[in-house]
Amino acid sequence: MSKKILNISYECAHPSCWVFCKKGVLKLEEPEFKALSSANGGGKGTFKSPPGACRLGFSQTFKVTGIENVEERGGDEGWAEEAAAEGNNPLLDLVEEHKEVLKKLDAIESQVRKRDVEGLWVTTASVENDIILHSIKKEEEVLFPIVEKKIPMGEALVGIMKEDHREFIAILQGFRCGLQDGDILDGLVTTLIVNLRNHISKEDEEFLPMIDAHLDREEKDRVFEAMKKIEKEHVRLTPGDREKKGLSPLSEDRRRMDAEIMALKSITSKGGEACCH
Ligand SMILES: [Fe+2]
Ligand SMILES: [Fe+2]
């Protein structure tokens with residue numbers, strides 16, 4: 001089954017938009033683009049920004065400034081349908097788990113809009129748990145060693161994926177430190193959402209279908225069993241009581257940085273002390 005992909009150049013129509021997503025190019029499937037256009041009232045030449053496109057997390061009207069590079073490409077549904085027909089497939093299980101993570105990212109986006117610190121505390125702990133179980137234990141411990149052995153350029157691909165995983169954990173932990181201090185760090189959470197969505201689509205559309213094509217039945221069974229065992233033995237990460245935890249270890253760093261900024265303002269201002277009013 002093939003899908004029509006559109007490269008859409010856009011400009012944010014919000015009059016006071018100043019961030020660097022104001023102009024850009026989005027790669028969208030044609031049905032998704034049509035749905036976003038009609039969600040915006042079918043206004044000619046405009047569409048509703050897809051989740052994650054506005055870096056401030058809002059749903060904006062984007063004005064189309066060009067549609068280019070219309071291309072056809074094989075969809076991952078074709079791979080998934082064939083793979084499902086052959087029995088237990090650990091790679092398809094990973095695709096299903098990605099769908100659950102994508103739902104949680106949508107929930108995080110809406111909690112950020114509502115400034116729901118407690119909700120974010122719970123949802124981000126659940127995503128952190130998923131990253132440890134899915135990415136670190138199932139992918140890195142079970143799947144990647146076999147990828148390094150069986151796939152040309154496997155080591156390089158695994159290196160890229162592992163780097164992504166570490167970045168997610170670092171961002172998540174930083175964001176959760178902010179929550180612990182009662183702050184929602186918008187820049188961090190937006191980066192996390194965009195990067196995690198990109199990582200998942202890279203795995204679903206390119207990485208997992210390629211691995212599927214290189215593994216035989218016996219190898220897939222082995223990976224499937226090992227992943228099930230890991231899942232059974234996994235002790236779920238719980239969010240803990242946010243308020244009882246007190247201030248995060250980063251709160252002191254932030255206070256120190258604020259003091260340094262004040263000092264730099266002072267020494268770079270003519271007439272000594274910079275005015276803080
Ligand atoms: Fe994954
Ligand atoms: Fe991954």
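Biologist: What percentage of the 277 residues of the protein chain count as buried?

Modeller: The model is a predicted one, in which local features need pLDDT of at least 70, side-chain atom pairs count only at pLDDT 80 or more, and totals for chains, interfaces and linings use all residues. Residues are numbered from 1 along each chain as its sequence is written, while chains are lettered from A and ligands numbered from 1 in the order in which they are written. A residue is buried if 20 or more other C-beta atoms lie within 10 Å of its own, exposed if 12 or fewer, and partly exposed in between, with C-beta atoms placed from the backbone. Among the 277 residues of the protein chain, the share that counts as buried is 18%.

Biologist: How many helices and strands are there in the protein chain?

Modeller: Helices (H or I, at least four residues) and strands (E, at least two) are DSSP runs, numbered from the N terminus. From the N terminus on, the order of elements is β-β-α-β-β-α-α-α-α-α-α-α. The protein chain therefore holds, by these DSSP runs, eight helices and four strands.

Biologist: What distance separates the centres of domain 1 and domain 2?

Modeller: Domain bounds come from an automatic or database domain assignment, and they place domain 1 at 2-74 and domain 2 at 77-244. Taken over C-alpha atoms, the separation of the two centres is 26 Å.

Biologist: How many residues of domain 1 and of domain 2 are in contact with each other?

Modeller: Two residues are in contact if their C-beta atoms, placed from the backbone, lie within 7 Å. By that criterion, the numbers are six residues of domain 1 and 10 residues of domain 2.

Biologist: Why do the buried residues of α7 line one face of the helix?

Modeller: In α7, the buried residues are Lys-220, Val-223 and Met-227. On the other side of α7, Arg-217, Glu-218, Lys-229, Lys-232 and Glu-233 are exposed. The arc is that of the directions from the helix axis to the C-beta atoms. Seen down the axis of α7, its buried residues line one face because they fall within an arc of 65°.

Biologist: Is Val-95 buried, partly exposed or exposed?

Modeller: Val-95 lies in helix α3. Leaving aside neighbours within four places in sequence, Val-95 is in contact with Ala-80, Asp-204 and Leu-208. The C-alpha atoms of Val-95 and Asp-204 are separated by 6.3 Å, although these residues are 109 apart along the chain. Because Val-95 has 19 C-beta neighbours inside 10 Å, it counts as partly exposed.

Biologist: What is the phi of Arg-115?

Modeller: Arg-115 is found in the loop between α3 and α4. With 9 other C-beta atoms within 10 Å, Arg-115 is exposed. Although Arg-115 is not a glycine, its phi is positive, at about 55°.

Biologist: Where is Met-153 placed?

Modeller: Met-153 is not a glycine, yet it has a positive phi of about 65°. Met-153 counts as exposed, with 10 C-beta neighbours inside 10 Å. Its place is in the loop between α4 and α5 (154-180).

Biologist: Which elements are included in what covers the buried residues of α5?

Modeller: Helix α5 has 27 residues and reaches 39 Å from its first C-alpha to its last, close to the 39 Å expected. Its buried residues include Ile-171, Phe-175 and Leu-179. Their cover includes α4, α6 and α8 (249-267).

Note on methods: Expected span 1.5 Å × (residues − 1).
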